[in-house]
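Please read the numbered points alongside the sequence and coordinates.

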Amino acid sequence: MARISSSQYLWLGLLVLALILHFSPGPLGAFVTYPTEWVVSVTDQMNVAMRWFVDAFGPVFKAIGWLLEWPVFAAQKILAFLPWSVTCFIFMALSYLASGWRLALFALAAMLYMAGIGYWAESMNSLAIVLISVPMAIAVGFGLGVFGFYSKRARRIIMPLLDLLQTIPAFAYLLPILILFGFGTTVGLVASVLFAFPPTVRNTILGLRAVSAEIIEAGEISGANARQLFWKVRFPAAKSQILLGVNQTTMAALSMVIIASIIGGTNDIGWEVLSTMRKAQFGESLLAGFVIALMAMLLDRITHAFATRDRAISSDEKALKSWHLVLAIAGAVWLLSLVVPALAEWPENLVFDPAPAMNTGLENFILNWRLVLEAIKNSAFFFVMLPVKIGLIQAVSPFTWGFALTPVLSFAYAAALVVIAGFALVRARAAMGVTVLLIGATLYIGLTTMPWAVVLAAFVLLSYQTAGARLAIGTALGLGFLVIIGLWPQSALSIYLCGVGVFICFVLGSGIGIWAAHSQTVSTIVRPVIDTLQTMPLFVILIPFVMIFKIGEFTALLAIIAYAIVPAIRYTEHGLRNLPPDIIESATTLGATPAQLLFKVKLPLALPAIMLGLNQTIIYGISMLVITALVGTNGLGQRIYIGLGDGDFGVGMTAGIGMAIIAMIADRITQSVSLRKQQALGLKTEML
Amino acid sequence: MKKLILSAAMVAFMGTAHAADPKGADTPIKIAVNEWTGQNLSARIAGSLLGKMGYKVEYVTAGAVPQFAAIAEGSLNFNPEIWTNNVGDIYPKAVESGKIIVSGDLGLEPREGWFYPPYMEEKCPGLPAYSALYDCAQAFAAADTFPKGRLITYPADWGTRSSEQVAAIGLPFQPVAGGSEGAMIAEMKSAIAAKQPMLMMLWQPHWIHADVKLNLVKWDSESADCLAGKNQSKGSACGFAQASVKKIINADFAKTWPDAVKFVNSYSLSNDVQNALIKKVDQDKVKIEDVVAQWVADNESVWSGWVK
């Protein structure tokens with residue numbers, strides 16, 4: 001028989017409170033549903049403040065926007081001027097010099113695809129924005145990362161700022177950028193820099209902090225000054241982690257360029273995706289979306305290969321010669337294109353268009369598999385989503401489960417929970433017993449129908465237990481703010497949808513990550529798939545799901561999973577693959593079985609990376625919520641969309657801040673859990 | 001002045017027919033190009049005719065809502081097709097302050113209402129009268145709305161008229177927000193492919209009507225000042241007031257291109273013309289430039305009065 005700790009009594013108390021409030025609140029009804037007459041609306045004040053800000057500083061931002069437009073304008077002009085064959089050759093040469101023939105062939109295939117599908121001009125316009133925004137984002141990100149590494153105080157400001165930028169969904173700050181910088185290409189540029197630099201900061205700090213003390217010491221002993229210590233010791237040692245950040249920055253910049261094309265102003269590939277999406281042209285939008293994914297993979301592979309090469313080679317005279325050669329051949333190709341028009345502009349009769357066939361294929365698929373698809377959707381909906389959302393109490397009905405939830409069944413359900421909990425208690429697993437009761441009660445009442453006071457108290461209690469009083473106060477203030485400004489119902493819907501999505505992502509994603517870390521074949525297959533998923537415009541991810549599973553939450557859930565699973569896989573694999581080899585070796589020599597090695601050695605050691613992955617999964621899931629508003633989910637995402645549609649800064653921004661609050665609380669809790677686990681294991685704490 | 005970049009340098013020089021170029025012929029007129037084919041046709045036909053008058057024209061892609069900020073500040077000059085039912089907050093303010101000038105109706109007659117595929121008339125014989133929906137709600141039901149019928153409404157940010165209408169006339173239907181136009185059209189297409197029940201708030205002219213046949217639910221009466229969900233009940237329902245489609249220009253337009261204003265004021269297109277052209281672009285996959293050029297060549301008698 002285990003003793004129940006005081007904190008577990010608190011949880012049990014909360015459970016009782018939930019049941020009382022839910023079933024007979026009496027005079028405490030205000031703690032179940034927050035009364036609308038108590039709501040303090042802040043949207044009007046925010047709009048007034050924004051108007052004042054624009055009046056005061058508008059010209060400054062307009063001037064910056066005007067300046068920023070020139071590099072993009074120049075890049076677009078150059079790319080539009082060059083014949084496709086020359087651009088194609090330059091990319092092939094870059095790929096060859098960076099990595100070798102395989103990448104050069106990939107570059108050729110990607111470029112031929114862009115030209116052959118008939119989207120060359122649009123592709124080049126998007127590429128121009130990306131070519132300008134990625135270096136800007138990396139410069140900002142690296143600078144802030146280094147600053148944050150050296151100054152703890154700066155880190156305190158930078159980290160929440162990053163969370164804000166990554167969690168306030170792109171849509172929400174498109175509107176203020178539009179208001180401040182004016183209509184045009186600048187909106188996409190600014191938005192993509194803002195959205196894309198945080199991963200570089202995060203990974204720069206993580207990488208620099210992970211440099212082991214011995215290496216630094218060795219550098220100091222050999223007499224390095226501060227600058228040398230940074231550039232010759234810390235930076236090279238942290239480079240692999242920083243590059244992971246650069247990689248993510250590139251991907252994020254591209255996907256933001258696409259989202260920003262909702263504003264217009266540039267005839268780019270994102271606009272093409274959006275207008276075909278609007279017409280529900282599945283094939284066309286997928287083909288255009290694939291251009292973006294190819295572009296991302298190409299840029300990613302080239303930069304990655306260049307950065308990991310030995311420095312000595314790139315400054316070598318031989319390399320200089322090869323650059324001369326590249327320019328000479330590019331010039332020759334250009335001259336040739338003056339004679340052969342097909343090399344200057346892709347001939348129209350060679351444009352291929354598989355879109356109609358793809359559309360027919362999808363239609364046939366839906367027709368033939370309708371019953372199966374319907375069954376999948378309905379069982380996910382009836383047995384998983386509805387119980388979490390509105391509780392068994394409403395979800396179980398003859399129409400859904402085939403029987404009604406009679407009082408007898410309810411009693412049996414409660415009894416079963418108590419028996420399991422009691423059994424756990426006897427087996428000295430008090431925590432497990434309490435958890436079973438809590439999950440059981442939540443499933444019975446439902447997450448969105450749970451009294452707001454109980455949900456708030458639960459988050460505060462969880463924050464207190466994992467991270468202490470400060471986070472608990474922050475959680476209380478943050479969630480309390482959402483309650484008071486009247487956003488609680490939308491917030492609860494968002495928490496429910498995102499929670500289910502993140503849970504599935506984490507379980508599935510870590511599994512795939514572990515597999516990929518142990519099998520080169522799996523890794524080789526998985527990498528392009530997750531790169532594609534991450535860089536596919538989010539709208540395009542939606543289209544096949546909505547064609548198959550229709551408008552609604554199930555489609556939204558699938559889209560969230562498709563997008564947010566990427567960091568879970570990526571970070572797990574990265575963490576497992578970058579473990580100190582000596583520890584693995586000594587564990588193996590001590591005779592650990594593969595299973596022991598994985599669960600007792602590798603996973604605990606990779607925990608910081610895996611937790612960073614969970615952290616990112618939550619942030620990705622939340623940012624996908626605003627996109628799922630496009631398929632009719634309610635919640636905070638829908639509010640942001642409404643704000644953008646009405647040009648209402650306050651409505652969009654409060655919802656955006658609401659999402660950021662939820663994300664940050666979830667983020668801090670997961671970080672703290674990870675920290676405690678590491679301390680328990682006696683590991684070096686690697687908290688970002 | 002902002003530079004708005006275009007890939008294919010879509011600047012039209014077609015002023016050969018005129019001996020003297022009109023005032024402002026050197027400054028390109030920037031015409032907004034939105035996300036849907038119908039508007040693209042309206043914009044390009046207008047642009048092509050302005051080109052015939054001797055003006056330079058640029059087509060600039062612009063989101064339907066963000067474009068109003070751009071027109072108000074003069075980055076864009078002209079949009080011949082603004083649907084007044086979905087304009088957000090910026091548009092009415094800009095019109096009120098005189099930054100955007102409305103120059104009359106385009107001539108399109110939008111039809112909004114609840115559409116259904118014809119096979120639903122077999123499952124619900126009383127259609128197209130709305131009164132039939134009361135008895136055959138179950139024929140329109142889906143798993144998540146059963147036993148109520150399922151009505152796909154506009155995305156939540158386009159207003160809630162359908163939901164209010166359902167409540168007002170006490171229809172046993174569950175309104176489900178469509179999310180986005182793309183999602184709604186995907187839904188409609190997949191329902192028709194599988195012959196599943198479908199009732200959806202939609203509008204005309206829209207290219208989907210060139211693709212599939214859809215029927216419109218009929219109300220007891222029709223009137224221009226009919227408000228959805230207000231003062232309506234079972235037995236006396238008028239449905240939805242119909243939107244109008246306006247041509248708009250920015251404040252300086254008349255100063256910069258005085259003669260072009262006359263064209264803008266007289267320019268008009270009908271549902272039939274637009275639907276036919278939309279079909280050519282979206283269904284027959286003819287390039288939009290060719291469709292426009294063909295129409296302009298064939299209809300000189302229609303537009304010769306506008307360009308004088």
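**Notes on the predicted model**

1. B:P128 is found in the loop between α4 (120-123) and β6 (149-153) of chain B; helices (H or I, at least four residues) and strands (E, at least two) are DSSP runs, numbered from the N terminus. The peptide bond that joins B:L127 and B:P128 is cis, with omega about 10°.

2. On provenance and conventions: this is a predicted model, in which local features need pLDDT of at least 70 and side-chain atom pairs count only at pLDDT 80 or more, while totals for chains, interfaces and linings use all residues. Residues are numbered from 1 along each chain as its sequence is written, and chains are lettered from A and ligands numbered from 1 in the order in which they are written.

3. A cis peptide bond also runs from B:Q204 to B:P205, with omega near 0°. The loop that holds B:P205 lies between β8 (200-204) and α7 (208-211) of chain B.

4. Positive phi values deserve a check. B:K195 is not a glycine, yet its phi is positive at about 50°; the residue sits in the loop between α6 (181-193) and β8 of chain B. With 14 other C-beta atoms within 10 Å, B:K195 is partly exposed. The classes rest on C-beta atoms placed from the backbone: a residue is buried if 20 or more others lie within 10 Å of its own, exposed if 12 or fewer, and partly exposed in between. B:K285, also not a glycine, has a positive phi of about 60° and belongs to the loop between α10 and α11 of chain B. B:K285 counts as exposed because it has 10 C-beta neighbours inside 10 Å.

5. Which residues of helix α11 (residues 288-298) of chain B are buried? They are B:V291, B:V292 and B:W295. Seen down the axis of α11(B), these buried residues fall within an arc of 95°, so they line one face of the helix; the arc is that of the directions from the helix axis to the C-beta atoms. On the other side of α11(B), the exposed residues are B:E289, B:D290 and B:A297. The cover over the buried residues of α11(B) includes α1 (37-52) and α10 (271-282) of chain B.

6. B:A72 belongs to helix α2 (residues 67-72) of chain B. This residue is buried because 21 other C-beta atoms lie within 10 Å. B:A72 touches B:A94, B:K99, B:I100 and B:N250, leaving aside residues up to four places away in sequence; contact here requires C-beta atoms, placed from the backbone, within 7 Å. The C-alpha atoms of B:A72 and B:A251 are separated by 7.5 Å, although the two are 179 residues apart along the chain.

7. Not counting residues up to four places away in sequence, A:L174 touches A:V187, A:A191, A:A260, A:I263 and A:L644.

8. The contact between the chains takes 50 residues from chain A and 46 residues from chain B. Among the elements that give two or more residues to the side of chain A that touches chain B are α2 (43-81), α5 (120-150) and α17 (355-390) of chain A.

Methods: Contact = placed C-beta atoms within 7 Å.
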